[in-house]
Amino acid sequence: MNDTLRRIAAAFAEAGVSGRLHAVDIDSAAEIDAGADHPVVTASVHKLCLLVALHQHAAAGLLDLTEQVECPPGERTPGPTGLAAMLDPVRMSLRDAAYLMTAVSDNAAADLLLARVGLDAVNEATARLGLTRTRAVHTFRSLFATVREDAGPAGARALADPQVLARLRALDPARGNRSTPRDMTRLLTAVWRDEAACTPEHGAAIRRLLGLQVWPHRMAAGFPFDDVHVAGKTGSLPTVRNEVGVVEYPDGGRYAVAVFTRAASPAATLPAADAVIGTAARIAVDALRAR
């Protein structure tokens with residue numbers, strides 16, 4: 001194990017998580033592999049796959065991104081952000097729903113788009129790009145339904161019990177939405193190189209939305225510079241904290257990074273577990289830039 005991999009492993013251990021990482025220089029294909037092919041639970045990272053599928057459909061003329069959709073309050077997928085947290089009826093365009101899904105990880109917006117595009121289309125989009133180990137099994141409503149079912153009558157309180165966590169289908173990559181770090185950096189590379197089966201216009205729209213993500217406490221925390229831009233998508237479930245993104249430097253360097261972690265503690269608030277995503281990403285990107 002070289003020094004870079006030792007430093008990444010030590011960072012994960014100090015933060016109390018197990019972690020998998022892949023980082024690649026988008027232009028040279030140089031890479032850092034720290035469990036890049038290990039199957040992982042994607043959580044809301046899978047919204048990136050949906051975003052690509054949506055734009056593939058738009059590029060093919062199968063839908064219009066300005067198309068208006070209704071979101072009645074009683075039918076929304078639950079969540080703490082965006083439409084999921086609103087109380088009144090909402091009417092908005094598909095592209096604005098995509099913004100909420102990406103920037104604040106709105107579950108209700110994601111399921112609005114899935115109702116329009118379909119899980120099969122998401123899987124076709126990733127298969128078309130050669131992401132053979134990436135698959136969407138659940139909508140976000142059905143994903144959280146499995147958590148409630150598996151937690152049992154004690155509800156959210158049961159999620160502090162390791163035995164309950166061990167039986168959650170949502171935390172098992174064999175039974176839920178899944179990918180690998182390498183598949184996710186391959187997807188990001190395709191988006192940044194306008195090779196994601198979309199026109200350059202649609203590629204630019206995807207990159208714009210990823211750049212509007214509001215969460216600064218994971219990958220972006222590793223790059224606290226005004227002239228370094230981080231665009232990405234987070235994902236969270238009990239004990240799971242993920243982020244995939246692209247780090248762009250003012251000299252033109254651009255690096256796709258995917259970090260997936262599982263915490264030993266079931267606590268919902270673990271600042272070190274969030275921050276290590278940025279730490280590990282920075283170690284990997286620094287190593288790529290030093291080559």
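Guide: Let's go to strand 8, which covers residues 240–248. Of its 9 residues, 8 are buried, so the strand is largely enclosed by the rest of the structure. Buried here means under 20% relative accessible area. Keep in mind that this is a predicted model.

So what does strand 8 pair with? One partner is strand 7, residues 229–237. The two run antiparallel, and 9 bridges link them. Strand 7 and strand 8 make a hairpin with 2 residues between the strands. Thr239 in that hairpin has a positive phi, near 70 degrees.

Now turn to strand 9, residues 254–263. It pairs with strand 8 in the antiparallel sense too, again through 9 bridges. Here you can look for Asn242, whose bridge partner in strand 9 is Phe260. Strand 8 and strand 9 also form a hairpin, this one with 5 residues between them. In its turn, Gly252 takes a positive phi of about 100 degrees.

Okay, let's zoom out. The chain has 10 helices and 9 strands. Of its 291 residues, 54% count as buried. A compact globule with 291 residues would have a radius of gyration near 19 Å, and the chain's 18 Å agrees with that. Along the principal axes, the C-alpha atoms fill a box of roughly 50 × 50 × 35 Å. Take the contacts between residues at least 6 apart in sequence: 68% of them join residues at least 24 apart.

What about empty space inside? Rolling a probe the size of a water molecule over the atoms shows where such space is left. Searching the whole structure this way turns up 2 cavities of 30 Å³ or more.

Among the residues lining it are Ala190, Asp194, Glu195 and Ile206. Helix 8 (181–192) and helix 9 (200–211) are the elements that give two or more residues to this lining. Its residues divide into 5 nonpolar, 2 polar and 2 charged.

Definitions and conventions. Residues are numbered from 1 along each chain as its sequence is written. This is a predicted model: local features need pLDDT of at least 70, side-chain atom pairs count only at pLDDT 80 or more; totals for chains, interfaces and linings use all residues. Side-chain values use heavy atoms; hydrogens and water are left out. Buried means under 20% relative accessible area, exposed over 50%, partly exposed in between (1.4 Å probe, protein chains only). Helices (H or I, at least four residues) and strands (E, at least two) are DSSP runs, numbered from the N terminus. Two strands pair if DSSP finds at least two bridges between them. On a 1 Å grid over the protein atoms alone, a cavity is a set of points where a 1.4 Å probe fits but cannot get out, and a pocket is an open set with protein on both sides within 12 Å along at least five of seven lines; lining residues have an atom within 4 Å of a point. Grid points are joined across faces, edges and corners, and a volume is the space filled by probe spheres set on the points. Ala, Val, Leu, Ile, Met, Phe, Trp, Tyr, Cys and Pro count as nonpolar, Asp, Glu, Lys and Arg as charged, and the others, Gly among them, as polar. The radius of gyration is taken over C-alpha atoms; the globule rule is 2.2 Å times the number of residues to the power 0.38. Contact means heavy atoms within 4.5 Å.
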